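Here's a quick briefing on how this fold is put together. Have a look at the model first, then we'll go through the helix packing, the sheet and the cores.

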Amino acid sequence: MAMLKYLLLPPLANGLLTLLGMALWSRMRLLGGLLVVLGLGGLLVLATPMTSYALRQGLEPAALAGPSQLREARAIVILGGGRDVDAPEFGWGDAPANASWRRLAYGAHLHRQTGLPILVSGGRVHDEHSAEASLMAAALREVFEVPVRWMEGSSRDTAQNARYTAEMLGADGIEHVALVSQAWHLPRAQAEFERAGLSVTPAPTEFASPPSGGTADWLPRAYHLHQSTRALHEWLGRAELALRERLLRRGE
């Protein structure tokens with residue numbers, strides 16, 4: 001499944017389309033040319049600020065209006081967003097990646113507003129020495145001076161984040177959580193957590209910044225290709241989740 005995902009996403013998908021078009025050029029010039037245009041042209045379009053914003057904005061829920069929206073929640077769950085390997089600046093070995101830092105900062109902010117206890121969730125995706133949850137807990141303690149009550153360090157993806165978190169919090173009788181993640185990721189994460197039996201108040205962070213409105217919105221940049229790729233990955237994840245739910249309903 002992981003390899004199929006990479007085959008469907010830029011830049012690999014665009015490169016494969018371009019190579020296939022070049023291979024077909026001598027025998028099927030029209031089809032070959034079309035594939036080259038789709039491959040290279042699609043890469044350029046996806047790298048523009050306008051396209052990356054449109055792809056991300058379509059994924060994002062509304063921001064929290066204030067702490068009063070969390071009155072039904074009994075815990076704050078912060079999902080791991082990756083790690084930087086052998087990051088030297090903190091002296092921990094590995095450290096949370098930038099996406100995780102944004103989630104941790106917002107989770108700490110919500111904790112200070114509400115006093116709700118925190119669970120961090122993230123395992124060893126590539127069999128690393130330490131679970132991502134332990135890196136997140138260290139960051140919350142040492143950088144944000146915020147305590148962590150639970151650490152879920154066995155999960156490898158969002159579905160496992162949800163399942164293992166529900167089991168851990170269920171042991172303490174907690175059924176409603178505030179779920180913290182990037183805005184573009186949160187709707188699919190919320191669906192996974194609700195499938196696992198938890199009630200969820202979404203607490204999104206890091207919303208897509210709107211384009212400036214000038215010609216620069218159509219100039220391709222590597223940063224925006226990365227953002228478009230992440231958004232397409234999330235759209236694929238939503239499609240996979242919808243397919244799984246349809247198959248489950250069909251099997252009932």
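Helix α7, residues 158-170, lies across β1, β4, β5 and β6. Its direction is about 145 degrees to that of β5. Keep in mind that this is a predicted model.

**The sheet**
- Five strands make up an open sheet, and reading across you get β5-β4-β1-β6-β7, with parallel pairing.
- The edges belong to β5 (150-152) and β7 (199-205); each has a single partner strand, so one side of each is left without a neighbour in the sheet.
- On average, neighbouring strands here are turned by 25 degrees against each other, ignoring direction.
- Zooming in on one pair, β4 (residues 118-121) and β5 are joined in the parallel sense over three bridges.
- Within that pairing, V120 has M151 of β5 as its bridge partner.

- Nonpolar side chains tend to be buried together in soluble globular proteins.
- In this model, the largest nonpolar core counts 23 residues, and I76, I78, L104, L110, V120 and L140 have the most contacts inside it.
- At least two residues of this core come from each of β1, α5 (98-114), β4, α6 (132-142) and β6.
- Another core, with 16 residues, lies apart from that one; A75, L169, A189 and F193 are among its members.

**A closer look at L140**
- What does L140 touch, leaving aside its neighbours within four places in sequence?
- The contacts of L140 are I78, L104, A108, I118, V120, E145, V146 and V148.

How values were computed. Residues numbered from 1 in each chain as written. Predicted model: local features only at pLDDT ≥ 70, side-chain atom pairs only at ≥ 80, totals over all residues. Heavy atoms only, no water. Pairing = 2+ DSSP bridges. Helix = DSSP H or I, 4+ residues; strand = E, 2+ residues; numbered from the N terminus. Axes fitted to C-alpha atoms, helices over the stretch in contact; angles between N-to-C directions. Contact = heavy atoms within 4.5 Å. Core = buried A, V, L, I, M, F, W, Y, C linked by side-chain atoms within 4.5 Å. Buried < 20%, exposed > 50% of the residue type's maximum accessible area, 1.4 Å probe, protein only.
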